[in-house]
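Please open the structure in your viewer and keep the selection tool at hand. The stops below say what to select next and what is there.

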Amino acid sequence: MKLSNIGEFGLIRRFSPAFLKDLPAGVTGIGDDCAVLPWTKGRLLLVTTDLLVEDVHFLKAGIGARDLGYKSLAVNLSDIAAMGGTPLSAFLSIGLPRDMDVPWLDEFFRGFASLARRAKVRLLGGDTTGSPGPLVINVALLGDARRGRVKYRSGAEEGDFICVTGFLGDSGGGLRVLLEDRPLGRDERHLVRSHSRPRAHLAEGAWLAARGGVTAMMDVSDGIDSDLRRIMERSHCGATVDLQAIPVSAPLKRAAEKYGWNAVELAAAGGEDYCLLATVRPSRLAKISAAFARRFGRPLFRIGTIAGPKTGLSYELDGRPAVLKRHGFDHFG
Ligand code: ADP
Ligand code: MG
């Protein structure tokens, strides 16, 4: 059996049970956006880490050094946002080929520092080594959250509405612009920027985590087609998504039209959007949506409904079953 037979999540499911046994009370281990540990009387410690590998997560020709520094922190901020937390301190480990340009690295650290400053995160350590091939970047990020104000992937229940905090697919569209070498008009620039400088929805995450009617939350990193399955696993439920309800931005709609892309597939499975996916009790949706729109100046988009156990993930279009051709990102799938 090869890794490609079981995929990224098959592997995690295979090794994680041994490490989930006998966890101390109040500790959440493998399986959510962050690990959660008891910290002070009123606060919980959040820990997350993400690895970026050249030619897997980025092409050095496709992203500027400054953007890459920014993005390597942003993707971790997003996991803190997914729990409803506040980021605190970062650790940065890098594996570098010998012939790396030092000015490139200066720019990388400038990008990292600019987002760290904005997010009030301090870089407290890390590790630096050589790499025989690709550039490798790992960020670990600590954050905290008030006890009782953390949302997990495990709280969704049948009948809950599935919502997202932003447009989906812009980042996937940006990647297509780069890969297909499209001329950079206004729309293309917007898409590429979404791809190289994602905005972690920290304020939205903290706000949603404070709402009792929000039952589960995670960030959209692999595309909702993959990410929703993570909520389904942890919450033991199924889900139905209305393809027409998936929010697609005007720039993505126009670019998709122009280049013959399938905007809905990009939005459902493109990945790297780094907005949040939340499930909300139906009786609380109207109030929460209205308050969200007042607070953030845009809607909390409702895209589907949580279904019963063992029903899987299904899609609908115009009220009829639909099939999604592309699926979310799996490193080995
Ligand atoms: P995220 O995209 O939010 O970082 P993933 O879906 O990639 O999370 O990972 C799922 C869960 O598996 C997370 O809790 C993550 O910490 C854990 N995980 C992934 N790879 C490993 C690993 N090599 N060792 C331990 N835990 C891991
Ligand atoms: Mg995540």
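Begin by selecting Leu3, Leu11, Phe15, Phe19, Leu20, Leu23, Ile30 and Phe332, which together form a nonpolar patch on the surface with about 620 Å² of accessible area. Such a patch joins nonpolar side chains (Val, Leu, Ile, Met, Phe, Trp, Tyr) within 5 Å, taken from residues with over 30% relative accessible area and no salt bridge, and the areas come from the Shrake-Rupley method with a 1.4 Å probe, only the protein chains shown counting as cover for residues. This is a predicted model, in which local features need pLDDT of at least 70 and side-chain atom pairs count only at pLDDT 80 or more, while totals for chains, interfaces and linings use all residues. Residues are numbered from 1 along each chain as its sequence is written, chains are lettered from A and ligands numbered from 1 in the order in which they are written, and side-chain values use heavy atoms, with hydrogens and water left out.

Next, select the magnesium ion (ligand 2), which is coordinated by Asp33 (OD), Asp79 (OD) and Asp219 (OD) at 2.0 to 2.1 Å; donors are N, O and S atoms within 2.8 Å of the metal (3.2 Å for Na, K and Ca), and because water is not among the atoms, sites may look incomplete. Asp33 is buried, at 5% relative accessible area, and Asp219 is buried at 1%, where buried means under 20%, exposed over 50% and partly exposed in between (1.4 Å probe, protein chains only).

Finally, select Glu188 and Lys258, whose closest N and O atoms are 2.9 Å apart in a salt bridge, that is, a side-chain nitrogen of Lys or Arg within 4 Å of a carboxyl oxygen of Asp or Glu. Here Glu188 is buried at 2%, whereas Lys258 is exposed at 57%.

Terms used
Patch = residues over 30% accessible without salt bridge, like charges linked within 9 Å, V, L, I, M, F, W, Y side chains within 5 Å.
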